[in-house]
Amino acid sequence: MDSLLFLIFAAITVICAINLVVQTHPISSALSLIGVMGSLAVLYLLLGGEFIAAAQLVVYAGAIMVLFVFVIMLLNAGGERKKPRRLWPRYAGIPLLFLFLALMGYVGNRVLPPSGDVTFGSFVGGSAQEIGKRLFTVYLLPFEVTSVLILIAIVGAIVLARKEID
Amino acid sequence: MPLPPLPFPPTPPLTWYLALSAILFALGVAGFLFRRNIITVFMSIELMLNAVNLSFITFSYKLKQNDGHIFSFFVMVVAAAEAAVGLAIILTVFKNRQTLEIDEVSSLKN
Amino acid sequence: MQLWLIPILPLAGFILNGLFGRRLSKAAVNVIAVGSVLLSFLWVLKTLNSLGAFSGGLEKAYLEHYYTWIQSGSLNISVDFAVDRLTAIWLMVVTGVGLLIHIYATGYMAHEGGYYRFFAYLNLFMFFMLVLVLGANYLLLFVGWEGVGLCSYLLVGFYFLEKFATDAGNKAFIVNRVGDFGFSLAIFLIAAHFGSLDFATVFAKVNDMPVESHLGWITAASLLLLVGATGKSAQLPLYVWLPDAMAGPTPVSALIHAATMVTAGVYMVTRSAPIYLHSAMALDVVAVIGIATAFFAATIGLAQYDIKKVFAYSTVSQLGYMFVGLGTGAFSAGVWHVMTHAFFKALLFLGAGSVIHALSGEQDLRQMGGLRKSIPITFWTLMCAGVAIAGVPPFAGFYSKDAILAAAYEHSPWIYWVGVVTAGMTAFYVFRALFLCFFGEPRGHHHPHESPPSMWVPLAILAVLSLGGGYFFNIPKYLDPMFKVQEEAPGSEWLMYVSIAFGLGGIALAALFYLVSPGIPDAIVRIFSGPYRWVYNKYFVDEFYDSAVVSPVVDGSRELLWRVADVEIVDGAVNGVGKTARAIGSALRLAQSGYIRSYAAWVVAGSILVIAFMGLRGEL
Amino acid sequence: MNFFIVSLIKTVIVVLVLLHVLAYLQWIERKVIAHVQLRVGPRRVGPHGLLQPLADVIKLLTKEDMLPSHVNTVFYFLAPFLAVMFAWISISVIPFGPIIKVGPVTTGMEITDLNIGVLFILGISGLGVYGVALAGWASNNKYSLMGGLRSSAQMISYELPMALAIAAPLLMLNTLSFRAMTDGQAGYYLGFIPRWTVFQGPFPQIISFILFMVAGFAETNRVPFDLPEAENELVAGFHTEYSSMKFAGFFMAEYANMITVSCVATLLFLGGWHPLWPAAYGSNFLPVVTFAISGLICFSHAANPARPFDRITLPVFGVLFLGLAALFLVPPLQLVLMPLFWFVSKVGAILFVFIWVRATLPRFRYDQLMGFAWTFMFPVALVNLLVTALAVALT
């Protein structure tokens, strides 16, 4: 049953990802990325990451991608029109990519210990409570530093995007 | 009522998740390489981040400890910050050059 | 006992004044500066009292260990302070005289700029001086040594807007470097041969060794120490910086260049007495250098017209006396002279400062005269100092100088005779200065005014001390447990009478020349114009050093080190690096296509290579 | 397998009920607004216009489904679908009552009880933006685009105060699952003050309740925050180009969102299905009395009818109401109906507030809207959260 869910959502994920790559119009890429994120959230749930799934929805799909869509609409960005001036990245890229995948698989097989199966609900460490405990005890300093980072990002974004006074 | 027997194991092996994350990452790289629209390139980066998150969470399932969740949480937060700044940069670029073609923005070459 | 409190208090004053002095009012600065020194003086009194230093106690050193500073191999240097009777004397002198001079300075510097800066430096000096005195090993002593050198530099160059002041500061610092170099060599030698720098250990080991008759490394060490001492205490041949150091404010001259710092060399030699006692040769060298300096400086002092210069040269020669005392084995006598000298020389300088203050900055004796009426307090106090330094019994100078001369006669009579003559000259030129300054009809056109109480009260106290100091504080008896006093040989009282005679003779001669018939000096000058020119120009020593040492060094640095080594080699190397970097960069620049996606492709290729490499290495 | 069947049944029930509620919510809205404005409202179709929703549905179905030129077809069709989908998904974690036992199965009165229910709702409501935004963008019309942009900006801005306002009671209830949350609000102070988070110590959440309601208005694009569809400046904003069922989709989405917000508010602040005063003081007889009285009123009106057919319809309703009252008297049914009654009445009250406000307040100006979100609600919510955290930490 779990694998059925996994297969369904993995399929959705992959299809959306491919769509992201092949679509020429940014907004369709954005929507497919949202699809990827939503189905990834489901996969996280299958892996027992309740909190992270919710965070995926709230932060990624709910905030970041909205920002993307917002910007795309604001710039009213159209699809790519003219041919790329240099094609070699494409021609070099595709074989490189498969090579990359192959290597990843190889490394994965080499590095990973023989792995078991994923049964839903067998890992409860991902509940909001557990995450909170760990986040505010062991990872407190990174947490605070991240908040500072976000503050800086906000300031930077405002400075960058504000209207030039002229 | 009994279900028909499934053509695959009832519970997915861990490697499936890792393979999925590898594929997603590769697709993200592909998007980065092939797309010429800055925003799409940016989104491919986000895709790669998601792929990494997936493997993080898979490993933390494997190791039965939630550090991986924490990491991916941080990744998300940093991604949020990055998106804010990056999109602001894109806005500025567009304001100055009226283009989103990534190859147009190459005044630093040679 | 909290010995550390003694130096820390002035340091606190320094920090407070140095950081916030600019915003504080002069009154606040005074409170901080003087208060810190006063507190540490009181603390010294309390500590010494509870250690029984005033009641025949403190037979051997009391030591406080704070923490281990350096620990390398067998060498183990720790920060700890020690107090014995010798240190006790110095503590009393430094804090006491220092306190008086601080008070004096509040009046003297009242109209100067950089008020807080001055007092911050002064407190810092007190700190380092106390560390120097309290330190229980050579390294701490060296720390204080360098520190006081620094403060001397800062304070001599206090009027850093005038070039001569900064030059004098540089001169003091650089000349001291020579001595400090010798000192540090000595420290290395000691550390190498005794495996420790703690006084106790070193002296204990030295005492187990035979006395060196010929040139051994104990002699070497003591001579190197002596080099340091000559630098700090302005002995031949390194005395040249002290007269110039008078460019600093007068309280500085009094505190640093008369009372305390310049006697650091004496302290160091006295402290290392066990080492010196194990090398007869070194002791002789000390004595010879001392007497030579004393005589030499005195002759120069005869012909100077700048009142502070006169006193500076007398300081040099008095320091020479002290070294004579040390060199002839009468360490306690030397220390005694240090104390009395601290009293009357500080008094002389402060008095001179008061005169200068009264004449609003005039330092040339030829512009003075007839000040007896207008500034009586200064006059009388200076007279006390004069008789004290002239060695007229029963004043302070008499006892210590007599003790030294007696020891000198024991050691070798010729030193005694030179010393006596020097004493005569000392009396002569000191009183020459005083007469020129206070008697006769007023030369120059000034409106002298008596100094404020903050200035003359310390003068009065010092006057009392320099009158009775020698009589009341019998240092040799006090230091008996440390240095055996050699009892005077029977039937040697005539020595005393001779020296007294010479002293009084000097005074009389001065009176004759400058009160009775002022024409005589010019006549003498006209007759002995040649020698006079030499003396007046300080034997051209500075010029000699310039041509012999300074200019070769300068020219060598410019021509060889700068023009060749720096410009050609160093800069060449640096520029070469830059050029190569630029060349490589311009080659690599072609890789920067400016197309992000190609960069990304490179990244992917690179990561693939890395993974593949590690995989092939079998590390995955 | 049992689980799936039960879930299926529950889903079907919820969907059917929800559809009718949506349809009739609109009727209620029109009626209420009409009475606020001293009108009668719809009354032609059926008694008191009770069949109006049906008529509307038929109208919308039969309208021409026009496809403007130069629209991005895919997204144009996708948008209303997304809107409806996200609006409805979030209903699925809302519990309407306690765990009940129907024959062999015991199950909670909700489709599913996630133990991160609140986060889920937040995430889904965040996704709700896309429907509107896409609609505005896809329909290739500058007014719609403006509406879309406005709504996306507005929703993002009000997500924050909403989340903060939600966080405050969560601190006190110490759970993320709605059911546990409601159980945490059971019981009474002094025997009659309900321990709802609005009243609950250490720090009653009235402020965050108000904040949450305001943010909810903004999230659902309701008056006074309905700028995305401001008729008089944006000619109905993002759904200008939509007609027929797609248009209906947006409407359903809006009302479903309203219902969701009301349910969440009820569960978070108003103690879910726990009665206003304890059964000891006879809270169980409130519905009986209410329905009985309304039935009697119907009969009294039927005695002197205002309209000819009242003499048939009103007695029917009277009988219906009395029957309901009777139902509430049956002990086994009581267990199911009483919580439902309380829950529905609370949600209804909040919905009434929604409609009331719409009938009353004017619309914000856009900059005022944003400024209000960022400079007033956000700080207030933050401070409220801090105070709550402090209070919780201290007790």
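Before counting anything, a word on terms: helices here are DSSP runs of H or I with at least four residues, strands are runs of E with at least two, and both are numbered from the N terminus. With that in hand, chain B comes to three helices and zero strands. Keep in mind that you're looking at a predicted model, and that its scores are ipTM 0.64 and pTM 0.59.

**Chain B as a whole**
- Reading from the N terminus, chain B simply goes α-α-α.
- Chain B has 110 residues, and 53% of them are buried.
- Take the contacts in chain B with a separation of 6 or more: 47% of them link residues 24 or more positions apart.

**A closer look at α2 of chain B**
- Helix α2(B) covers residues 38–63, which makes 26 residues.
- From first C-alpha to last, α2(B) reaches 38 Å, close to the 38 Å expected at 1.5 Å a residue.
- Is α2(B) largely enclosed, or largely open? It's largely enclosed by the rest of the structure, because 21 of its 26 residues are buried.

**Two residues with positive phi**
- Lys64(B) isn't a glycine, yet its phi is positive, near 55°.
- You'll find Lys64(B) in the loop between α2 and α3 (67–97) of chain B.
- Asn174(D) sits in the loop between α5 (142–173) and α6 (178–184) of chain D.
- Asn174(D) has 11 C-beta neighbours inside 10 Å, so it counts as exposed.

**Where chain A meets chain B**
- This contact takes 72 residues from chain A and 62 residues from chain B.
- On the chain A side, the helices that each supply at least two residues are α1 (2–22), α2 (26–46), α3 (50–75), α4 (88–111), α5 (128–137) and α6 (140–161).
- Which helix gives the most to that side? It's α3(A), with twelve residues.
- Sorted by class, the chain A side has 50 nonpolar, 15 polar and seven charged residues.

**Where chain C meets chain B**
- Here eleven residues of chain C are in contact with nine residues of chain B.
- The chain C side splits into six nonpolar, three polar and two charged residues.

**A cis peptide bond in chain C**
- Leu236(C) and Pro237(C) are joined by a cis peptide bond, with omega at about 0°.
- To spot Pro237(C), go to the loop between α8 (217–232) and α9 (241–244) of chain C.

**Chain D as a whole**
- Chain D has 13 helices and four strands.
- Of its 395 residues, 43% count as buried.
- Among the contacts in chain D with a separation of 6 or more, 75% are between residues 24 or more positions apart.
- As for confidence, the mean pLDDT of chain D is 83, and 97% of its residues reach 70 or more.

Methods. Residues are numbered from 1 along each chain as its sequence is written. Chains are lettered from A and ligands numbered from 1 in the order in which they are written. This is a predicted model: local features need pLDDT of at least 70, side-chain atom pairs count only at pLDDT 80 or more; totals for chains, interfaces and linings use all residues. Two residues are in contact if their C-beta atoms, placed from the backbone, lie within 7 Å. Ala, Val, Leu, Ile, Met, Phe, Trp, Tyr, Cys and Pro count as nonpolar, Asp, Glu, Lys and Arg as charged, and the others, Gly among them, as polar. pLDDT is the predictor's confidence in each residue, from 0 to 100. A residue is buried if 20 or more other C-beta atoms lie within 10 Å of its own, exposed if 12 or fewer, and partly exposed in between; C-beta atoms are placed from the backbone. The expected span of a helix is 1.5 Å times one less than its number of residues.
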